[in-house]
Amino acid sequence: MKILVIEDEVQLQRIIVEFLNNEKILVESATTFKEALDKIISFDYDCILLDIMLPDGSGMDILKELKKLQSKASVIILSAKDSVEDKVEGLLVGADDYLAKPFHFAELLARIKVALRKNQQNGNALLQYKNIVVNPEDRMVTVAGKELKLNRKEYELLYYFMLRPEKVMQKTTLAETVWGDHIEFADNLDFIYSQIKNLRKKLKTAHSEADIQAVYGVGYKLQ
Amino acid sequence: MKVSLKNYSFRYLVPLLFVVMGIWAFLFYKTIVDEVYDNIDDGLKNQKIEIIREAYVDPNITKVNEFGVNQFRILKVSDDDYDESNHLTTEMVFMPYDGENEPYRVLRTGFHGVDKEKYILEIRTSMMEEDDMIFNLSISLIVLYVLILLSALVIHQVVIRKALKPFYAILDQIKQYRLGKNTQIQSVKSNVIEFASLEEEVIEMIDRNEEMYQQQKLFIENASHELQTPLAVTINELDLVLENTDMPEKEYLKITAAKDALWRMVHLNKSLLMLSRIDNHQYKMTDKVNFTEVLQNELETLSSIIEEKQLYVQCEKKGDFIVKFHPEMARVLLSNLLRNAIKHNNEEKKLLILIDTIELKIANSGSHIPLNPKLIYERFYKQGTAKNSNGLGLSIVKSIVEKQNAIALSYSFLNNLHEFKITKK
């Protein structure tokens, strides 16, 4: 699995690359339109993170070029603009997803996984940690070989934990990624706690080897 | 006290004209009276010469010692009373015609008759009546005064009204003018220099303001936009630091707090950006939007918060509220109104929603005092305790309502409930 990050902000590019490397994903990067064009012509990528506004050209043209090359790469647009029109246009030209800057890393990772799944039908999309297996294809969760029934929010919570087991998910990140833009209610994130409590109970009764633990009161992790 | 320009100079004209006419009347009267006296006196002196001459020819005249038809008399005098110089006096003499005393001019002089005797000659003539004269003069002056004032008033009203027409035209346009609406001032084509230059200056000033306003709006948009990247860098750098699991709790908490604050900034920034985009008419595409559906979706999105806050939601859906609107703006509008109702709720925990084909109401329990409808839509206006509010939610609502121009929004406080009502325009 190889990802190309096309981002003219060198600092942001370095951070994304470092994060994806930590996730054991192979990453290459391009800073300019020309460099990006060279790379997509010369190499095959599974996923491309594309900044629309480049100093020497538009990301939209890269999308068109990819189409011409009949590339199989999934494209996620990263944009600081966050406007509906941009989103619509990007998706029309052939991008698979659109993520506004700034983003939560958990969100980025989830989007990358989804985008990869869309274009790769090799069925290797199962997420596994200890005796928990999540199949994003049909949203099925099995613990110790037995199916575990979860409601929508519980599934989404578990999915995010499974994407990055043993890593801390902050409450605000969970609130934003699972429930949407609720930062303004951040003084009271207890609704997360009650969902997590339910999820833990279900995992425990299903004899899961992994448990969701609270970390310093600011977040949770699957361990 | 403020007066219209039409009456402004008139206020000064009334007393000034009065004083000027008074002084003029006084001087005029004095001159006339002087002239009249002069004339009469000359006549009397002339008569004296003729009478004395006659007395030398016909000494019988010296026997006329009563005022008769000739209005003179001649009396013999002693040496002591003799005086040859002319003495002119004004005396009151009874006049049978009027039945009262009237002023007479009398000339007294001495002369030697043919018989070498000393005589005194008195000639008198009726004079004008000064009080009558003053009275008549005053009447005519007052009539003149009133007539002048009336004509001045008419000229003022007519001429100034005509001259001020372009001024009022400009004034009306300035009244109608709103910054950012891009209205053009219609030329009034005045041939009064002052108004022409007023118009010119107003147009120039408006152009300058519009330009500045546009720049400012773009500045907010660009600034918000430019902030997103450094914010992204900072947040994601902190994320990378937080990946380190063996960090001490104290530091972990500090970094998390910093990150949360940064996220708040991101949202504030996004709100500003949205406000700026709405104000710049960037959401023009309109479609028929079913507000009932949008509201339902937003309620679902917010359901976990509503549940957690244990709000008692009473939602009555009686029909589809369909309006031509930008779909995304409809979502933001209803989302913000709902969030507002949730955020500012109190221990009564009421959230009432009513929607039918003509109106949409969102009401919530909250503070027991009605809000000031003039302030709630102000940017960064915060009501009391909501510490996570960025104070832009209702400003965005107001901007959307204004720019989409399809619905009307009103706030009311009824039965201890804060209610926002949307109706079709």
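A: Let us begin with a definition: two residues are in contact if their C-beta atoms, placed from the backbone, lie within 7 Å. Please keep in mind that this is a predicted model.

Q: Leaving aside neighbours within four places in sequence, with which residues is A:Leu49 in contact?

A: Beyond those neighbours, A:Leu49 is in contact with A:Ile3, A:Val5, A:Ile6, A:Ile16, A:Ile76 and A:Leu78. A:Leu49 also belongs to the largest nonpolar core, which has 101 residues. A:Leu49 is among the members that touch the most others, together with A:Ile6, A:Ile48, A:Leu50, A:Val75 and A:Ile76. Another core, of seven residues, lies apart from this one and includes B:Phe72, B:Ile74, B:Leu121 and B:Ile123.

Q: How are two packed helices described?

A: One gives the angle between their axes and the distance between the axes. In this model, helix 6 (residues 152-163) of chain A packs against helix 8 (residues 190-205) of chain A at an angle of about 80°, and their axes are 10 Å apart. Angles of 65 to 115 degrees count as roughly perpendicular, and helix 6 and helix 8 of chain A are therefore roughly perpendicular to each other.

Q: Which residues meet where helix 6 of chain A and helix 8 of chain A pack?

A: Helix 6 of chain A contributes A:Lys153, A:Glu154, A:Leu157 and A:Leu158, which meet A:Gln195, A:Ile196, A:Asn198 and A:Leu199 of helix 8 of chain A. The residues of this contact comprise four nonpolar, two polar and two charged.

Q: Is helix 7 of chain A mostly covered or mostly uncovered?

A: Helix 7 (residues 171-179) of chain A is mostly covered, with eight of its nine residues buried. Among these buried residues are A:Lys171, A:Leu174, A:Glu176 and A:Trp179. A:Gly180 follows the helix and has a positive phi, near 90°.

Q: What helices and strands does chain B have?

A: Chain B has eight helices and eleven strands. Of its 425 residues, 20% are buried. Among the contacts in chain B with a separation of 6 or more, 67% join residues 24 or more positions apart.

Q: Which residues of chain B does the UniProt annotation "transmembrane region" cover?

A: According to the unreviewed UniProt entry, that annotation covers residues 12-29 and 134-155 of chain B. In the model, residues 12-29 of chain B are 100% helix and 0% strand, with the end C-alpha atoms 26 Å apart. Residues 134-155 of chain B are likewise 100% helix and 0% strand, and their end C-alpha atoms are 31 Å apart.

Definitions and conventions: Residues are numbered from 1 along each chain as its sequence is written. Chains are lettered from A and ligands numbered from 1 in the order in which they are written. This is a predicted model: local features need pLDDT of at least 70, side-chain atom pairs count only at pLDDT 80 or more; totals for chains, interfaces and linings use all residues. Axes are lines fitted to C-alpha atoms, for helices over the stretch in contact, and angles run from 0 to 180 degrees between N-to-C directions. Helices (H or I, at least four residues) and strands (E, at least two) are DSSP runs, numbered from the N terminus. Angles under 35 degrees count as roughly parallel, over 145 as roughly antiparallel, 65 to 115 as roughly perpendicular and the rest as oblique. Ala, Val, Leu, Ile, Met, Phe, Trp, Tyr, Cys and Pro count as nonpolar, Asp, Glu, Lys and Arg as charged, and the others, Gly among them, as polar. A residue is buried if 20 or more other C-beta atoms lie within 10 Å of its own, exposed if 12 or fewer, and partly exposed in between; C-beta atoms are placed from the backbone. UniProt positions are given in the numbering used here, feature names are shortened, and annotations may be inferred rather than shown by experiment. A nonpolar core is a set of buried Ala, Val, Leu, Ile, Met, Phe, Trp, Tyr and Cys residues joined through C-beta atoms within 7 Å.
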